[in-house]
Structures are given as structure tokens and as C-alpha cells.
Amino acid sequence: MAEFIRARSSAQKEQRMHEIKNAANDLFHERRYHEITLKAIAEKLGWSHAALYKYVTTKEDIFLELCADARADYVASLLAAYPAGCSYSPSVLAEVWTEQLNSHRDYLAYSDLLFSIIETNVSPERLAVFKRSYFSDMDRLAQRFVENGVIDAANADRLFNAVLFHAASLNGWCSENELVAQAMEIAGLENRAPDFKREMRDFIGMCLHHYAPEEKAGTDRE
């Protein structure tokens, strides 16, 4: 086991958390979520369990931060792909938005666990930090979409929630799962998972039309 030296400075602590998140993320792609434990994460790092406890008390502490990091990357990418003053038609915006979601499937995977699992096993203080950053990011997206004339401010949260919840659920359905594949084979059923990109493109287009400002509803500006 590698020698563990406890971080002293803020920069060192940040580096330790970076290492912890990388280890947890690697395990997330190797195992089912319920198979990931703090012990497994410590072993991945080459640390003792006690050393890991100096930084986190539950694995959800780590995955909450991973979700926050993934969300920040997704929001930054979407804002870059949909700049201020852009006049994409709803159909083009749906295509652009879908590409961003498809490029950030880890965020969707974390979000699928967020409300029912991750948020149920973290401290109120950690969750408060997460919630502040979440709503700050949503406000940034809302401002961009409102300023570009796509939606009214009153409908912003409804639009983003609808898209995120559908995308997270659909991502789980479309993701490869050996257990599901075996069950479908035993049941004699064909794989009916939809095409993620096509389904999200159609769904986002529908939502953009539904939540469009009244004077623009039903239009598809080029």
C-alpha cells in the first residue's frame, strides 16, 4: 500500500479529493453502484480505509461531487454550443442540445441516482453546497434561453427539468447492462431500447414548442 500523507493546505486537500473522485469514477465504470464501497475506493487509491475517512464519510459524498463536476461540464458545453444572440430554430436547437446530452452521459448516469440514492446519504452542509451550485447553473442556462427568445422565464425550470429527467431515465434504459441482457434472453424478448439521440432530439423539439413564448408557439424560425 502506498504511503498516505495527509493533506495540510487547501490545494493539497483539493488534490486528494480529485484523486478520490477519479478512483470512484473508475469504479463506477467497472462495477454496479451497489458494489462500490468506501473500502473498494480506498483499495483503488492504495489508501487505508481510515485515511479515506479523513475526507469523506459515505460514498455518496463522493458521487455528489462527481455529479456536480459533470453538471458543470455539461452546462459549460451547452452554453458554448448555444451562445448569446443565437437564433437557432427549435429543430436545430434540439439537435445541438441532444449532442451535448449525448456527450455527457456520465452526468445523466449520476443524475439517475441523485434524488433516490445520492441525496439521501450526505450531510445537509454538503447538499446545500450542491444545491446552490445546481440552481446557479440552471439560472445561467435559463438566462441564455430567455435572452435568445426560446422560452419565457416562468417556464425555464419546467423545460430543464423535463429534459433532464427524460434524458437520465432514457440513458439508463439505453446503457448496456449485462443483467438486463441476460434477463431479456431468458424471457425470449428482443432488445427494445430506443435510440438515445433520436428519442432525445424528438423530445426536446416537442418541449421547445410546448414551452415557447405564446407569440412564437408553432413557429420554427431559421
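Colleague: Which side chain does the side chain of Glu 119 make a polar contact with?
Modeller: Lys 131, at 3.0 Å. A polar contact is an N or O pair within 3.5 Å, with one atom able to donate a hydrogen and the other to accept it; neighbours adjacent in sequence count only if both atoms are side-chain atoms. This is a predicted model, so local features need pLDDT of at least 70 and side-chain atom pairs count only at pLDDT 80 or more, while totals for chains, interfaces and linings use all residues. Numbering runs from 1 along each chain as its sequence is written, and side-chain values use heavy atoms, with hydrogens and water left out.

Colleague: OK. Where does Glu 119 lie?
Modeller: In the loop between α6 and α7. Helices here are DSSP runs of H or I, at least four residues, and strands are E runs of at least two, numbered from the N terminus.

Colleague: Is Glu 119 buried or exposed?
Modeller: Glu 119 counts as buried because its relative accessible area is 15%. The cut-offs are under 20% for buried and over 50% for exposed, with partly exposed in between (1.4 Å probe, protein chains only).

Colleague: What does Glu 119 touch, not counting residues up to four places away in sequence?
Modeller: Leu 114, Leu 127, Phe 130 and Lys 131. Contact means heavy atoms within 4.5 Å.

Colleague: Switching to Leu 93. Where does it lie?
Modeller: Leu 93 is in helix α5, residues 90-102. Its relative accessible area is 1%, so Leu 93 is buried. Beyond four places in sequence, Leu 93 contacts Tyr 82, Tyr 88, Phe 145, Val 150 and Leu 208.

Colleague: How far apart are Leu 93 and Ala 187?
Modeller: They are 94 residues apart in sequence and 40 Å apart in space, C-alpha to C-alpha.

Colleague: Now the largest nonpolar core. Which residues touch the most other members?
Modeller: Ile 41, Trp 97, Leu 101, Phe 145 and Leu 159, out of 67 residues. Helix α4, residues 59-81, gives the largest share, eleven residues. Such a core is a set of buried Ala, Val, Leu, Ile, Met, Phe, Trp, Tyr and Cys residues joined through side-chain atoms within 4.5 Å.

Colleague: Take Leu 159. What does it touch beyond four places in sequence?
Modeller: Leu 159 reaches Trp 97, Phe 145, Ile 151, Cys 207, Leu 208 and Tyr 211.

Colleague: And the whole chain? How many helices and strands?
Modeller: Ten helices and zero strands. The C-alpha trace spans about 65 × 55 × 25 Å along its principal axes. Of the 222 residues, 43% count as buried. Among contacts between residues at least 6 apart in sequence, 73% join residues at least 24 apart.

Colleague: What happens at the start of α9?
Modeller: A side-chain oxygen of Asn 177 comes within 2.9 Å of the backbone nitrogen of Leu 179. Just after α9, Gly 188 has a positive phi of about 70°.

Colleague: What is the mean pLDDT of the chain?
Modeller: The mean is 92, and 93% of residues reach 70 or more. pLDDT is the predictor's confidence in each residue, from 0 to 100. Confidence is lowest in helix α9, residues 178-187, at a mean of 91, and highest in α4, at 98.

Colleague: Where does pLDDT stay under 50?
Modeller: Over residues 218-222. The model has 15 contacts beyond four places in sequence for that stretch. Where pLDDT is low, the predicted coordinates should not be read in detail.
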